[in-house]
Amino acid sequence: MIVELPEDQVPRLREMGLERHRAARRRGAKDLCPKASNDRLFMDINGIGGEAAVAQALGLPLQSLHFEHGSADLTLHGIAIDVKTTHHEDGVLLVQDTGSSQAHVYVLVVGEMPRYRIAGWATSVDVFQEDNRSDKFFKAHALPQRILRPWSVLRQAIEIVAGKYPIEVQ
């Protein structure tokens, strides 16, 4: 699914990303996957854009994003959703073992502000399988896009788990 963020939201999202970046530096946050090409400011701003894209795709307002350290990015019917954003078209869903939040669902978003592609999602049970432990990324689990669940069924799956979706028993 392709999501184009409204032009009038982009400056505010960039500001929010800059504030997140500053807050992380004040906390002394360290990048567990340091590399020369790693632009942490870009990643923080782009991450906010990815989160906004998922909120928009779920029909949630921008105000529904959670910015507290240690919280998931979004919550829908009590299900915690953490959004992982990459600008690499072939990027993987990468979840640090020591991440700041414990989510029920992880969503992979690919792109750069203002245009994103929601690549898919996985449950926390899917992510934290020993087979998904990464050799390439330090203290992380990584899932390639090809094994992610399709975006089209995420909302229905959440509503089923939350008891908001009627299931007919045959």
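I began with Tyr106, which counts as buried because its relative accessibility is 1%. The model I am reading is a predicted one.

**Aromatic pair**

I looked for ring pairs next and found one aromatic pair in the structure. Its members are Tyr106 and Phe128, with ring centres 6.1 Å apart and planes at 80°, so I logged the pair as edge-to-face. Planes over 60 degrees apart are what that label requires. The pair links distant parts of the chain, since Tyr106 sits in strand S5 and Phe128 in the loop between helix H3 (124-127) and S7, 22 residues apart. Is Phe128 buried or exposed, or in between? I noted a relative accessible area of 30% for Phe128, so this residue is partly exposed.

**Overall layout**

I then stepped back to the whole chain. I counted four helices and seven strands in the protein. Read from the N terminus, the order is β-α-α-β-β-β-β-β-α-β-α. Of the 170 residues, 42% are buried. I also checked the contacts with a separation of 6 or more: 61% of them join residues 24 or more positions apart.

**Helix H2**

At the N-terminal end I found a cap: a side-chain oxygen of Asp39 lies 3.2 Å from the backbone nitrogen of Leu41. Just after the helix, I recorded a positive phi of about 75° at Gly59.

Which residues of H2 are buried? I listed Asp44, Ile45, Asn46, Gly47, Ile48, Gly49, Gly50, Glu51, Ala52, Ala53, Val54 and Ala55. Against what do they pack? Their partners are strand S1 (2-4), helix H1 (10-27), strand S2 (74-76), strand S3 (79-86), strand S5 (105-112) and strand S6 (115-123). Tyr106 of the aromatic pair belongs to one of these partners, S5.

Met43 is in H2, and with 32% relative accessibility it counts as partly exposed. I took the C-alpha separation between Met43 and His21 as 8.9 Å, the two being 22 residues apart along the chain.

Asp44 is also placed in H2. At 7% relative accessibility Asp44 counts as buried, because the cut-off for that class is under 20%. What does Asp44 touch once residues up to four places away in sequence are set aside? I found Gly17, His21 and Arg25. With His21 there is a polar contact of 2.9 Å between the two side chains.

**Strands S4 and S7**

My last entry is on S7, residues 140-143. Ala140 and Ala142 point one way from this strand, while His141 and Leu143 point the other way. I checked burial on each side, and all of these residues are buried. In which sense do S4 and S7 pair? Strand S4 (residues 93-96) pairs with S7 in the antiparallel sense, over four bridges.

How values were computed:
Residues numbered from 1 in each chain as written. Predicted model: local features only at pLDDT ≥ 70, side-chain atom pairs only at ≥ 80, totals over all residues. Heavy atoms only, no water. Helix = DSSP H or I, 4+ residues; strand = E, 2+ residues; numbered from the N terminus. Buried < 20%, exposed > 50% of the residue type's maximum accessible area, 1.4 Å probe, protein only. Contact = heavy atoms within 4.5 Å. Polar contact = N/O pair within 3.5 Å; in protein donor to acceptor, adjacent residues only side chain to side chain. Pairing = 2+ DSSP bridges. Phe/Tyr/Trp six-rings, centres within 6.5 Å; stacked < 30°, edge-to-face > 60°.
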